[in-house]
Amino acid sequence: MIVTKGAFRSLYVPILIEQLFIFLMGQADTLMLNSYSTNAVAASGMTSQILMLITFLITIIHVGTNIRIVHLKAHQTSMITKEIFHNLLFNIIVSIVFTLVVGMVFSPLLQLFQVPKDIFNLTYQFGLVILSVLTLTSTQMYIGTVLRVMNYAAIATRITVISNLTNIILNAFVLFIIPDLVGNPVLAVAYATAISRLLGCLLAFIALLKIYRPKLHYFKINFKILYQVSTLGIPSAGEQISYNFAQTFTTAFIAMLGTQVIAAKSVATVLSGLSFSCAMAFSAACQIYLGHFIARHRYSVLKKTVLRSIWFNVIQSLIIMVCVLVGFVAVGRWLTHDVQTYHLIIYYLVILIGLEPIRAINNLIVDLLNVAGDVRFPVTVNIITTWLLLLPGSFLLGIHLGFGYTGIILVSIADEALRFIIMYFRWRNDKWRARMKQIGV
């Protein structure tokens, strides 16, 4: 079984630790602000959802680079260092452009997604601070991707642990120790997060330069490589982009339901994100580990391991979600600002137990199709189901029929289940083998 192999464990364990700390960095603000005020957690939740979509747009470069390096390791190892630094420059340029563009339209964007008036100014100021370090965040994510695929996952994990611990300590300090000395503690949390991301980016750069020495000509833009990375990355990252794009729209639907529902949804999503972070770690490790077999055309290994990996991911997600629910019931009342929000969070977590295992296996099968070069099919299916099922169904069931966020979750379960069935049959019929030539290696 795949999970008993030492080579796989050496990938999975560091990536799992890293994903858990990435989860903490992204969501520690929300959890701590939840004990501060409902408005604060709602502002953080709205900002996180919108900026997450922007971040996933940049991960197009990360995904394309990851796929190409997996295949370069099998066929053209001498080109790896050039690929790494060329695409690093590409990542920085795109991140800066996105920061400037989104910064100019951020206020209208918040209005478009119907951020409640009572938290609009706070959300806007909080978001601008986090947006200002978008390039640092995306660069650390890019370098982490490179380190993992080049079997330096443990180094990437240490960097993430350090930056996240810094974030948590600074957040706790400004919220609970010196809140009266920092002006607005909520904005102080945003600045603390920015400092931790600066630290993480610096550590990532140092680690990368210790392992790989760049040459000046590596930073000369090669439009052929840009095209190949983008051709792989846009469809590959498209599945996650489409998902988060849909979540941004459903967040706008939820905004119609009031600040309390936004706050409860934000906390429930954070807690269920623990399950998805573990699922993403398992999928990322499978993509790298099984990608080597795909690149060398050892297809018999895949037949024996993929089904077992799917079951492992389902069981892992179920166990984590049940533990999250029990843990929140036990201690959540002392961490939640009001009783109604506490009960809403519990209710949402119960329903999310049905969603997270399906999301986990969907993510796994899409990652495997992507590393094999079959990058267009998953995103095509995602776009179709998103626009024909998820978004219309969410509005109909959640808003028009009055089921609220509960209805949106139920529609999401149906959407994820349908997409997984389609992807799994795609994997089983082996049509993805014909797509490997477009990787360009």
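User: Happy to dig in! How many helices and how many strands does the protein have?

Analyst: A quick note on the source: this is a predicted model, where local features need pLDDT of at least 70, side-chain atom pairs count only at pLDDT 80 or more, and totals for chains, interfaces and linings use all residues. Residues are numbered from 1 along each chain as its sequence is written, and side-chain values use heavy atoms, leaving out hydrogens and water. Helices (H or I, at least four residues) and strands (E, at least two) are DSSP runs, numbered from the N terminus. On that basis, the protein has 13 helices and zero strands.

User: Thanks! What percentage of the residues count as buried?

Analyst: Buried means under 20% relative accessible area, exposed over 50%, and partly exposed in between (1.4 Å probe, protein chains only). The protein has 441 residues, and the share that counts as buried is 60%.

User: Where is the kink in helix H9 centred?

Analyst: Helix H9 covers residues 259-295, and 33 of its 37 residues are buried. The bend at a residue is the angle between axes fitted to the seven residues ending there and the seven starting there.

User: Are H3 and H4 roughly parallel or roughly antiparallel?

Analyst: Axes are lines fitted to C-alpha atoms, for helices over the stretch in contact, and angles run from 0 to 180 degrees between N-to-C directions. Helix H3 (residues 80-112) and helix H4 (residues 117-132) pack at about 165°, with axes 10 Å apart. Angles under 35 degrees count as roughly parallel, over 145 as roughly antiparallel, 65 to 115 as roughly perpendicular and the rest as oblique. H3 and H4 are therefore roughly antiparallel.

User: Is Ser 317 buried or exposed, and which residues does Ser 317 touch?

Analyst: Ser 317 sits in helix H10 (residues 299-335). Its relative accessibility is 1%, so Ser 317 counts as buried. Contact means heavy atoms within 4.5 Å. Leaving aside residues up to four places away in sequence, Ser 317 touches Ser 275, Ala 279, Glu 356, Pro 357 and Ala 360.

User: One more, please: how many Å apart in space are Val 13 and Ala 281, C-alpha to C-alpha?

Analyst: Val 13 belongs to helix H1 (residues 6-34), and it counts as partly exposed because its relative accessibility is 42%. Val 13 and Ala 281 are 268 residues apart in sequence, while their C-alpha to C-alpha separation in space is 8.4 Å.
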